[in-house]
Amino acid sequence: MVFDQLLENGLNKIAFIGGNIHPMNNNGETTDSYQDIRAKAYLMWTKLHNISPLIVLNGWTPKDGFDSMNALLKDNFQVALIASDQLTIGAYRALKQHQLKVPQDLQIISYNDSDITEYLVPSLSSINPASLSMGKIAVQRLVHRLNNPTDIPIHINLPAKATWRESSEINLN
């Protein structure tokens, strides 16, 4: 939805910064990795709209955000959707080092809407994934599944809410 609204507002050079998921087993070891759902959605959307993807998938730390933004800055893009507020902190640092101004030179939208977003300069537009509701429903579903082990698993979609702040020039609400 956010990608579609950006496109409707003339923003068609959209970059994505994220990371892969590395689940741990019971021994704390990671033996596998898979693509984060936000990266999958971005890649599916760019393919659907015949837009060349501009994507960097590193890790999930501020340093990974810094390195990812530095890698993307060789490309010409208008807005970056960043898969977490932690990554955005590093991306902001890279933009400052390159003397780029948010949102005048590049708009930034993040994902998580943690408490820090309104205190960054400029304040960060961010998508709130309804984490509290996700946690409550996950526990309810787990209890249900333990009590009804033969039931079929279900897929639940929860609405996300965007909070638009200074890092993006357009308000997509």
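Where in the chain does P122 lie? P122 is found in the loop between β5 and β6 (125–128), and we will come back to it once the overall layout is clear. Keep in mind along the way that this is a predicted model.

Let's start with the whole chain. It holds 5 helices and 7 strands, and reading along the sequence gives the pattern α-β-β-α-β-α-β-α-β-β-α-β. The C-alpha trace spans about 55 × 35 × 35 Å along its principal axes. Of the 173 residues in the chain, 36% are buried.

Now look at how its residues are placed. A39, Y42, W45 and T46 are buried. These residues cover an arc of only 130 degrees around the axis, which means they sit on the same side of α2. On the other side of the helix, I37, M44, K47 and L48 are exposed. After α2 comes N50, with a positive phi near 55 degrees.

Y42 also leads us to the aromatic residues. The structure holds 3 aromatic pairs. One of them joins F3 and Y42 in a tilted arrangement, with 5.5 Å from centre to centre and 55 degrees between the planes. Because F3 belongs to helix α1 (residues 2–8) and Y42 to helix α2, this pair ties together parts that are 39 residues apart in sequence. Both F3 and Y42 are buried. Widening the view, F3, F16, Y42 and W45 form one aromatic cluster, and W45 is also among the buried residues of α2.

N20 and G59 are 39 residues apart in sequence, yet their C-alpha atoms are 6.8 Å apart in space. N20 has a relative accessible area of 23%, so it counts as partly exposed, the cut-off for buried being under 20%.

In the loop between α4 (85–97) and β5 (107–111) we find P103, which is joined to V102 by a cis peptide bond with omega at about 0 degrees. Q99 is placed in the loop between α4 and β5 too. Its phi is near 55 degrees, a positive value in a residue other than glycine. With a relative accessible area of 69%, Q99 is exposed.

Moving on to the loop between β5 and β6, we return to P122. The peptide bond from V121 to P122 is cis, with omega near -5 degrees. N112 is also found in the loop between β5 and β6. Here phi is near 130 degrees, again positive in a residue other than glycine, and N112 is partly exposed, with a relative accessible area of 33%.

Finally, turn to the surface. M134, I154, I156 and L158 form a nonpolar patch there, and together they have about 330 Å² of accessible area. Is I154 buried or exposed? Its relative accessible area is 53%, so I154 is exposed, the threshold being over 50%.

Definitions and conventions:
Residues numbered from 1 in each chain as written. Predicted model: local features only at pLDDT ≥ 70, side-chain atom pairs only at ≥ 80, totals over all residues. Heavy atoms only, no water. Buried < 20%, exposed > 50% of the residue type's maximum accessible area, 1.4 Å probe, protein only. Helix = DSSP H or I, 4+ residues; strand = E, 2+ residues; numbered from the N terminus. Arc of directions from axis to C-beta. Phe/Tyr/Trp six-rings, centres within 6.5 Å; stacked < 30°, edge-to-face > 60°. Patch = residues over 30% accessible without salt bridge, like charges linked within 9 Å, V, L, I, M, F, W, Y side chains within 5 Å. Areas by Shrake-Rupley, 256 points an atom, 1.4 Å probe, with all protein chains shown as cover. Salt bridge = Lys/Arg side-chain N within 4 Å of Asp/Glu carboxyl O.
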